[in-house]
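Let's take a walk through this protein together, one residue at a time.

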Amino acid sequence: MITENKVSLWLGHFEEEGRFREYFKVSYDEDGNYIPSEFQKNFEIKKYDLYAVETDWLPQNCTDVRLLLQGFSGDEEIIPQFEKIIEASKVVEYNSIVLLYNFQYEAGIISDERMHFIGCVDVHI
């Protein structure tokens with residue numbers, strides 16, 4: 001749900017960057033009706049600000065959350081918070097990153113076959 005000063009993080013693995021981009025692609029039908037992305041459908045996300053999203057795909061897997069999130073908006077603030085969350089879970093190698101800013105994910109679906117919801121933290125950017 002849209003919530004100021006929150007950021008929700010998903011990490012995953014895609015073999016190809018094109019497939020990663022396609023997974024997040026939104027479109028419109030011939031009548032101009034919004035067609036949600038596969039990501040939205042899988043995680044039951046009805047609405048988020050399409051301009052408050054940052055994504056990245058890396059050619060190699062990584063387990064270091066600092067490297068994964070370096071350079072994203074608010075990275076100095078969010079990296080320590082997400083490090084604590086990831087430390088408490090099993091470390092998995094990821095190459096795909098999605099951050100939804102001003103969004104607090106609450107649907108409860110933790111993962112699909114490619115992406116895993118990591119958590120939601122506070123950010124002030």
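Start with Gln-40, which touches Val-26, Tyr-34, Ile-45, Lys-46 and Tyr-48, leaving aside residues up to four places away in sequence; contact here means heavy atoms within 4.5 Å. You'll find Gln-40 in helix α2 (residues 38-42). Helices (H or I, at least four residues) and strands (E, at least two) are DSSP runs, numbered from the N terminus.

Before going on, a word about where this comes from: the model is predicted, so local features need pLDDT of at least 70 and side-chain atom pairs count only at pLDDT 80 or more, while totals for chains, interfaces and linings use all residues. Residues are numbered from 1 along each chain as its sequence is written, and side-chain values use heavy atoms, with hydrogens and water left out.

Is Gln-40 buried or exposed? With a relative accessible area of 2%, Gln-40 is buried. The cut-offs are under 20% for buried, over 50% for exposed and anything in between for partly exposed (1.4 Å probe, protein chains only). The side chain of Gln-40 also makes a polar contact, at 2.5 Å, with the side chain of Tyr-34. That term means a pair of N or O atoms within 3.5 Å; within protein, one must be able to donate a hydrogen and the other to accept it, and residues adjacent in sequence count only if both atoms are side-chain atoms.

Now look for rings. The whole structure holds 15 aromatic pairs. Rings of Phe, Tyr and Trp (its six-membered ring) pair if their centres lie within 6.5 Å; planes under 30 degrees apart are stacked, over 60 edge-to-face and the rest tilted. Take Trp-10 and Tyr-105: their ring centres are 5.1 Å apart and their planes sit at 70 degrees, so this pair is edge-to-face. The two partners come from distant parts of the chain, 95 residues apart, with Trp-10 in strand β1 (residues 2-12) and Tyr-105 in the loop between β5 (94-103) and β6 (115-122). Both Trp-10 and Tyr-105 are buried. Another edge-to-face pair is Tyr-28 with Tyr-34, at 5.6 Å centre to centre and 70 degrees between the planes. Tyr-34 is partly exposed, at 32% relative accessible area, and Tyr-28 is found in strand β2 (residues 27-28).

Finish at Ala-52, in the loop between α2 and β4 (53-62). Ala-52 counts as buried because its relative accessibility is 13%. Leaving out residues up to four places away in sequence, Ala-52 touches Leu-99, Leu-100 and Tyr-101.
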